[in-house]
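Hi,

Here is the structure I said I'd pass on.

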Amino acid sequence: MAATEPTAFANLRIDKWLWYARVTKSRSLAQKLATGGHVRVNKDKISSASKTVKTGDVLTIALERRILVLKVVALGKRRGPYEEARLLYEDLSPPPPPKKHAEPAVAVRDAGAGRPTKRDRRKLDAWRNDT
């Protein structure tokens, strides 16, 4: 077995692993994520996409709307389907925070009442502004 085969590696570049695990859609996006300072490996902020990860490392990834905390379980050999990519990590992310505000009240109309008239709309607007 040659030393250049992917199965001989004990670690993998962070950008490749993020792409294999389907955290990002492309490897170039994974590189931007790593070089932009949005990824931490074992609580250490990284600034290079060539940083290597190994099994057992814990990654903290700051995405646009959420923070992912992933434990590397396997390195992977390719970017496969979701089922295969899901086996590469254990998700340790905290649950999302509850929504702070309730949904706005929705006006209820009788079925078959048709479209609201201009007068009905003004009443609805006045009712919404009162609450």
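Below is what turned up, starting with the sheet and moving on to the pockets.

Keep in mind that this is a predicted model: local features need pLDDT of at least 70, side-chain atom pairs count only at pLDDT 80 or more, and totals for chains, interfaces and linings use all residues. Residues are numbered from 1 along each chain as its sequence is written, and side-chain values use heavy atoms, with hydrogens and water left out.

The sheet is open and has five strands in the order β3-β2-β5-β6-β7, paired antiparallel. Its edge strands, pairing on one side only, are β3 (44-45) and β7 (89-91). Strands here are DSSP runs of E, at least two residues, and helices are runs of H or I, at least four, numbered from the N terminus; two strands pair if DSSP finds at least two bridges between them. Between β2 (residues 39-41) and β3 there are two bridges, and valine 41 has aspartate 44 in β3 as its bridge partner.

Now the pockets (open sets of points on a 1 Å grid over the protein atoms alone, where a 1.4 Å probe fits, with protein on both sides within 12 Å along at least five of seven lines; lining residues have an atom within 4 Å of a point). Helix α2 (residues 27-35) gives the most to its lining, with three residues. The lining of the largest pocket includes Val23, Leu29 and Glu64.

The second largest pocket has about 150 Å³, and its lining includes Arg22, Tyr82 and Asp91. Both β6 (67-72) and β7 supply at least two residues each to that lining. Volumes are the space filled by probe spheres set on the points, with grid points joined across faces, edges and corners.

Cheers
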